[in-house]
Amino acid sequence: EFCWNLVSRDLAELMNATSRSLPRGDDEAAATGLELEPGRGTGAPRVVASHATRECVVVHSTQLRDRHGA
């Protein structure tokens with residue numbers, strides 16, 4: 001499960017900062033000041049200030065290959 005959060009320009013810098021390397025176990029949201037709340041339909045947290053959130057659950061995965069089968 002995960003949440004995909006659509007953010008506007010005012011949150012772009014904070015959202016980009018969540019992708020930086022942190023020590024194992026550190027919370028990206030806490031390190032950047034983004035406020036999270038529990039998802040409404042999944043166990044994944046969502047960004048409170050996000051203008052739109054999609055809560056997702058993986059139901060199928062496919063191994064992609066190139067035209068040579070690799």
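# Exercises on a predicted model

With a relative accessibility of 39%, E28 counts as partly exposed. The model examined in these exercises is a predicted one.

**Exercise 1.** Determine where E28 lies and which residues it touches, not counting those up to four places away in sequence.

*Solution.* 
Step 1. E28 is placed in helix α2.
Step 2. Once residues up to four places away in sequence are set aside, E28 touches T18 and L22.
Step 3. For a distance across the model, take A70, 42 residues from E28 along the chain: the two C-alpha atoms are separated by 34 Å.

**Exercise 2.** Describe the largest pocket by its volume, its lining and the elements that contribute to it.

*Solution.* 
Step 1. The space in the largest pocket amounts to about 180 Å³.
Step 2. Its lining consists of C3, N5, M15, T18, D27, E28, A29, L34, L36, P45 and V47.
Step 3. Two or more lining residues come from each of β1 (2-6), α2 (28-32) and β3 (45-47).
Step 4. Sorted by class, the lining has seven nonpolar, two polar and two charged residues.
Step 5. E28, the residue of Exercise 1, is one of those that line this pocket.

**Exercise 3.** Assign the residues of β1 to its two faces, and identify the strand with which β1 pairs.

*Solution.* 
Step 1. In a regular strand, side chains alternate between the two faces of the sheet.
Step 2. In β1, the covered face holds C3 and N5, whereas F2, W4 and L6 make up the uncovered face.
Step 3. The pairing of β1 is with strand β4 (residues 52-56), in the antiparallel sense and over five bridges. Within β4, E55 is the bridge partner of C3.

**Exercise 4.** Locate V7 and list its contacts beyond neighbours within four places in sequence.

*Solution.* 
Step 1. V7 sits in the loop between β1 and α1 (9-17).
Step 2. A relative accessible area of 25% makes V7 partly exposed.
Step 3. V7 and V47 are 40 residues apart along the chain, yet 8.8 Å separates their C-alpha atoms.

**Exercise 5.** State which residues the UniProt domain annotation covers, and characterise that span.

*Solution.* 
Step 1. An unreviewed UniProt entry annotates residues 1-66 as "domain: Flavin reductase like".
Step 2. The end C-alpha atoms of residues 1-66 lie 27 Å apart, and the span is 21% helix and 24% strand.

Conventions:
Residues are numbered from 1 along each chain as its sequence is written. This is a predicted model: local features need pLDDT of at least 70, side-chain atom pairs count only at pLDDT 80 or more; totals for chains, interfaces and linings use all residues. Side-chain values use heavy atoms; hydrogens and water are left out. On a 1 Å grid over the protein atoms alone, a cavity is a set of points where a 1.4 Å probe fits but cannot get out, and a pocket is an open set with protein on both sides within 12 Å along at least five of seven lines; lining residues have an atom within 4 Å of a point. Grid points are joined across faces, edges and corners, and a volume is the space filled by probe spheres set on the points. Ala, Val, Leu, Ile, Met, Phe, Trp, Tyr, Cys and Pro count as nonpolar, Asp, Glu, Lys and Arg as charged, and the others, Gly among them, as polar. UniProt positions are given in the numbering used here, feature names are shortened, and annotations may be inferred rather than shown by experiment. Buried means under 20% relative accessible area, exposed over 50%, partly exposed in between (1.4 Å probe, protein chains only). Two strands pair if DSSP finds at least two bridges between them. Contact means heavy atoms within 4.5 Å.
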